[in-house]
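Here is a friendly walk through a few features of the structure you are about to see. Keep the view open as you read.

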Amino acid sequence: MSDAKPPPNERQETRRIDTGGPDYGEPTGPVGLFRARLRAFLENLKVEFFTMGVVIIYMLLIFADLMLADDPNVDSEADGKPWTNAFKYLDMVFLAVFTVELCIRVFAFGYFYFFAPLNVVDGLVVLVSFGLQAWVISLGEKTIGSEATTATNLLSIARVLRLVRLFVVMNKVQKARAAYKKTKYLKTGSPVERVIDLLGDMKGKVEDDEDIQDIQWIMDLIASDKLYTINIKNVVADVKDKDMAAFLSQEMNIKKDLDLDGETDAGDSEDMLEEVRGGLMRQQSSWAPGDLAQASVLEAQRISELATLLPHIERINQWDVDVFAFWEASENMGLVVGTYHLLEQHNLVSKFRLSKPRLMTFLTKMQDGYRNANPYHNVVHALDVLINMNYFLNQENLKRLMSPLDVLACLLAAAIHDFRHPGFNQNFLVATKHEYAITYSDQSVLESMHVASAWAILLTDECNFLTRLSKDQFSEFRSTMVQLVLATDMKYHFEHTSKFKTKLQSDGFQPGCNREDARFAMGLALHTADIANPAKPRQLSLAWTEMCMEEFFTQGDEEKRLGLPISPFYDRSKNSTAQCQMGFINVLVKPLYSEFCGLLGEPATTDCLAALQSNLDGWEQHGNGLLKQMETSFLGKGIVGPRAGNRSPVAPSPSPSMRKPPSKSS
Ligand SMILES: [Zn+2]
């Protein structure tokens with residue numbers, strides 16, 4: 001593109017009608033250039049409309065003549081035929097203008113002009129009418145003899161021709177209306193239509209075949225609306241490690257090519273699946289809000305005071321804060337204390353006049369709703385993600401994109417993002433036809449459930465701490481929070497990472513950027529916070545690895561018992577922890593952190609990427625032996641056990657079919 005090209009907005013104003021016309025080639029010489037400019041001028045929509053206006057006035061004139069010519073009251077002999085004479089000269093003027101226009105068009109477009117049959121008819125009618133009218137006028141006012149007869153005959157032919165011309169004119173008006181509609185559509189339609197249009201223009205101007213193909217590819221891609229869709233099958237195919245590729249396929253929810261006509265082998269396991277469904281449902285129903293202890297106003301005050309007592313509270317903003325120690329020091333109230341403390345720290349409780357007692361009740365119910373029997377997806381994981389999210393929010397480059405309401409949504413989304421996680425992944429829930437899978441139609445089953453059930457509780461009278469938000473604030477807050485939790489679905493990982501990279505490269509995340517981009521950045525932040533374990537200092541990372549693998553193995557045990565295929569890396573007997581971690585870091589975590597830290601800058605880049613690389617090196621050097629470096633194992637230590645004060649455990653013990661003694665993964 002030449003530098004002189006006006007920006008797309010200005011060019012929009014002088015948009016030409018796309019004639020889909022012939023290729024005139026590169027104009028050569030002064031005449032060629034002049035003809036090219038003339039073509040551009042004639043195709044300009046404003047010129048087209050002007051011509052159309054003249055044609056419409058002429059059309060009205062013809063109508064008037066057709067109607068008045070047969071009226072005996074008009075043009076009486078005594079009046080000296082004033083209308084007939086007036087029309088004769090007016091018609092002559094119009095026809096002269098049209099003849100000149102025709103000549104200009106033929107000069108500009110050459111013989112291509114006559115490729116359209118309508119133009120041929122129109123041209124002939126104009127020329128013949130012009131000739132006839134000139135002839136009639138030259139005969140003058142003679143009303144006797146053969147000349148008078150000729151004049152009458154000529155006028156009759158001219159009338160017929162006018163009817164033909166009327167048909168042509170109406171066709172032209174129709175065409176102009178369509179062209180106008182198209183322009184209007186382009187102006188009010190989505191930007192992608194303008195992009196396609198501009199690319200189409202560009203394609204017509206480049207000469208290199210490869211360039212033309214590239215532009216066509218871009219146009220096809222944009223039109224297909226799959227700009228950010230990663231071909232996960234290709235990504236997975238690139239992963240050399242077979243188990244890792246299978247693991248990714250499962251996590252990214254890639255459908256296998258199913259043998260729909262094949263024999264079913266599910267029959268034997270149906271009874272067992274029924275048992276599992278029953279177990280999971282009992283577990284779910286015993287979480288009914290009515291069973292939960294309510295946080296009183298007094299307790300709310302006690303909790304807010306507790307926060308200041310915590311020795312770890314000052315370190316809550318650090319990337320390397322020991323979340324397990326934090327949890328222990330909080331007397332098993334870490335999620336309530338941590339969330340409340342951060343909301344206060346960001347000055348959100350007073351800013352949005354949140355009801356403190358209700359907020360406390362809500363947070364307590366969220367904390368209690370995490371299934372603490374889960375080795376990994378328990379309340380400490382929620383606290384960890386909350387802390388990570390807060391760390392990201394404190395980085396200036398992300399912070400400046402966000403409003404206080406966004407910060408509120410981000411912190412609460414982090415706190416509830418795995419609410420009521422059953423400790424089994426989506427594939428298992430779908431395979432066992434769990435109620436969650438049925439309720440959410442196998443789509444983002446867990447994420448939908450987490451956010452929907454948290455909101456069901458939030459909106460109860462005892463928990464709704466948002467009553468003082470305006471209607472707009474409420475709907476903005478709610479939709480942001482929902483979008484953030486849904487963004488933690490692993491199936492979006494590659495697509496969102498790629499989209500983020502593209503937007504970052506085009507300076508997409510600047511202060512005042514559009515809401516959609518800001519929300520997208522927040523969603524990616526929560527997903528990044530959710531898979532932060534390998535980017536933490538060695539001891540924390542190892543503890544999380546052990547817990548995560550134990551949850552995988554627990555599901556693997558269940559899959560084995562039910563006769564389901566054991567998910568990749570979920571087989572306890574295979575002991576593939578190091579292999580799983582290396583693949584997880586190399587394929588998923590490292591590419592995401594590299595991009596996301598590109599936005600955050602320092603100190604996040606050093607904090608996260610240094611630890612990530614160190615852990616990757618550790619797994620590569622020591623394999624499964626790296627786990628031996630772990631100083632404290634949290635498996636089976638009751639760190640997430642029932643709270644002090646003789647509260648009954650909120651998460652029920654697993655149903656008999658689910659129970660499994662905790663054991664070390666290696
Ligand atoms: Zn999570």
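## About the model

This is a predicted model, in which local features need pLDDT of at least 70 and side-chain atom pairs count only at pLDDT 80 or more, while totals for chains, interfaces and linings use all residues. Residues are numbered from 1 along each chain as its sequence is written, and side-chain values use heavy atoms, with hydrogens and water left out.

## Helices 16 and 22

Let's begin with helix 16 (residues 356-369) and helix 22 (residues 445-458), which pack at an angle of about 145° with their axes 10 Å apart. Helices here are DSSP runs of H or I with at least four residues, numbered from the N terminus. Axes are lines fitted to C-alpha atoms over the stretch in contact, and angles run from 0 to 180 degrees between N-to-C directions.

Which residues make the contact? Helix 16 brings Phe 362, Lys 365 and Met 366, and helix 22 brings Ala 454, Ile 457 and Leu 458; contact means heavy atoms within 4.5 Å.

## Helix 19

Helix 19 (residues 404-416) has 13 residues and reaches 19 Å from its first C-alpha to its last, close to the 18 Å expected at 1.5 Å a residue. That expected span is 1.5 Å times one less than the number of residues.

Is helix 19 mostly covered or mostly open? Mostly covered: twelve of its 13 residues are buried, where buried means under 20% relative accessible area (1.4 Å probe, protein chains only). Among them are Asp 406, Cys 410 and Ile 416.

## Aromatic pairs

A search of the whole structure finds 19 aromatic pairs. Rings of Phe, Tyr and Trp (its six-membered ring) pair if their centres lie within 6.5 Å, and planes over 60 degrees apart count as edge-to-face. Tyr 370 and Phe 419 form an edge-to-face pair, 6.3 Å centre to centre with 75° between the planes. Tyr 370 lies in the loop between helix 16 and helix 17 (379-393) and Phe 419 in the loop between helix 19 and helix 20 (426-431), so the pair ties together parts that are 49 residues apart in sequence. Tyr 370 counts as buried at 0% relative accessibility, and Phe 419 counts as buried at 1%.

Phe 392 and Phe 596 also pair edge-to-face, at 5.1 Å centre to centre and 75° between the planes. This pair links distant parts of the chain, with Phe 392 in helix 17 and Phe 596 in helix 27 (residues 577-600), 204 residues apart. Both Phe 392 and Phe 596 are buried.

Methods:
Helices (H or I, at least four residues) and strands (E, at least two) are DSSP runs, numbered from the N terminus. Buried means under 20% relative accessible area, exposed over 50%, partly exposed in between (1.4 Å probe, protein chains only). Rings of Phe, Tyr and Trp (its six-membered ring) pair if their centres lie within 6.5 Å; planes under 30 degrees apart count as stacked, over 60 as edge-to-face and the rest as tilted.
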